[in-house]
Structure formats: structure tokens, C-alpha cells
Amino acid sequence: AIIMAASLANHFILERAEVELITPNEEHNVRSGTGHDHLYKILRSLATLQPVAAREVPVKPASGPGAGGSGEPRRRGLFGRKPRPSGDEPERPKEGRAGSGWRLLDEVPVLADERRFKVLITAAAKGTIPANVWRSSHVVFIDDM
């Protein structure tokens, strides 16, 4: 994912586009800018990112006609719902800006901005990206890399 993000940043900087780096850890974010100096800021930030292990959260079987769901734990990456603490009541999905329960929309509201094109490199499960993010983003799933 780091190599992909660096390559994309280089590509768009060479195209003279404004590029912004947004990560799950705000201290690694790089504001929008252009040019080679800006590219080096992005590359320095990417070089210091540390991987975060995906978390296991139980998936409840869906109900109703045509519903899928095995009840097996699914791997959730940085952008999925937070796992519930053991022994506590099941966590109710927090309503995001799009009513999706996708917590990243609350943490990184720019993802909901349909006027901006985004490349989203994510460990989120397929089928979990809200439609308003999907419409204005190119989504790269880490599991497909």
C-alpha cells in the first residue's frame, strides 16, 4: 500500500495535479500541494508510516430474503467498524454522514466530498464502502494487491 501510494503521488505530481495525503494517523497527513518539494513531503510521511494489524470482528448473519452472512469473523482493516470490547453489548453502528455506519466518514470527512477525486487504498472489506465515497473515488483493496 505504501509503494502504491508513493507511485500514485509521483504520477499525479508529474501531471501537475494538487495532491493531498490523508492517513488514519493525522500526524502523517500532508496538506494539498504541488511540485517536487511537495512530493518529497509525501514520500517522507509515507516512509514513516507503520502497519496496523487488521482486527477480527464478528459478523452477524443477515436476515431476510436473499441475505448472506456466515456468522464467521471477518477481517476488518483500519476503515471498518471498531471491534466491540469482549463481554460488552454489541456495538451499534454509529451513523456516518451518509447513514452508513462507516466510521471513517466521521474521522475523515473529506472522503464524503464528491467534488474531489480520491484514490482510497484500504483494508476494508469489499462491499463496505459507502456509495457516496465509491462514486468519487478509485478504491484499491489491499487484499487485491
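The model is predicted. Its protein chain comprises 4 helices and 6 strands, and the order of these elements from the N terminus is α-β-β-α-β-β-α-β-α-β.

**Burial and surface**

- The protein chain has 145 residues, of which 33% count as buried.

**Helix H2**

- Helix H2 spans residues 35-48, 14 residues in total. From its first C-alpha to its last it reaches 21 Å, close to the 20 Å expected at 1.5 Å a residue.
- The buried residues of H2 are His38, Leu39, Ile42, Ser45 and Leu46. Because they cover an arc of only 125 degrees around the axis, these residues lie on the same side of H2.
- Asp37, Arg44 and Ala47 are exposed on the other side of H2.
- The cover over the buried residues of H2 includes helix H1 (2-14) together with strands S1 (19-21) and S2 (30-33).

**Thr128**

- Thr128 belongs to the loop that lies between strand S5 (118-122) and helix H4 (131-135).
- The relative accessible area of Thr128 is 19%; Thr128 therefore counts as buried, the cut-off being under 20%.
- At 2.5 Å, the side chain of Thr128 reaches the backbone oxygen of Ala125.

Note on methods: Residues numbered from 1 in each chain as written. Predicted model: local features only at pLDDT ≥ 70, side-chain atom pairs only at ≥ 80, totals over all residues. Heavy atoms only, no water. Helix = DSSP H or I, 4+ residues; strand = E, 2+ residues; numbered from the N terminus. Buried < 20%, exposed > 50% of the residue type's maximum accessible area, 1.4 Å probe, protein only. Polar contact = N/O pair within 3.5 Å; in protein donor to acceptor, adjacent residues only side chain to side chain. Expected span 1.5 Å × (residues − 1). Arc of directions from axis to C-beta. Contact = heavy atoms within 4.5 Å.
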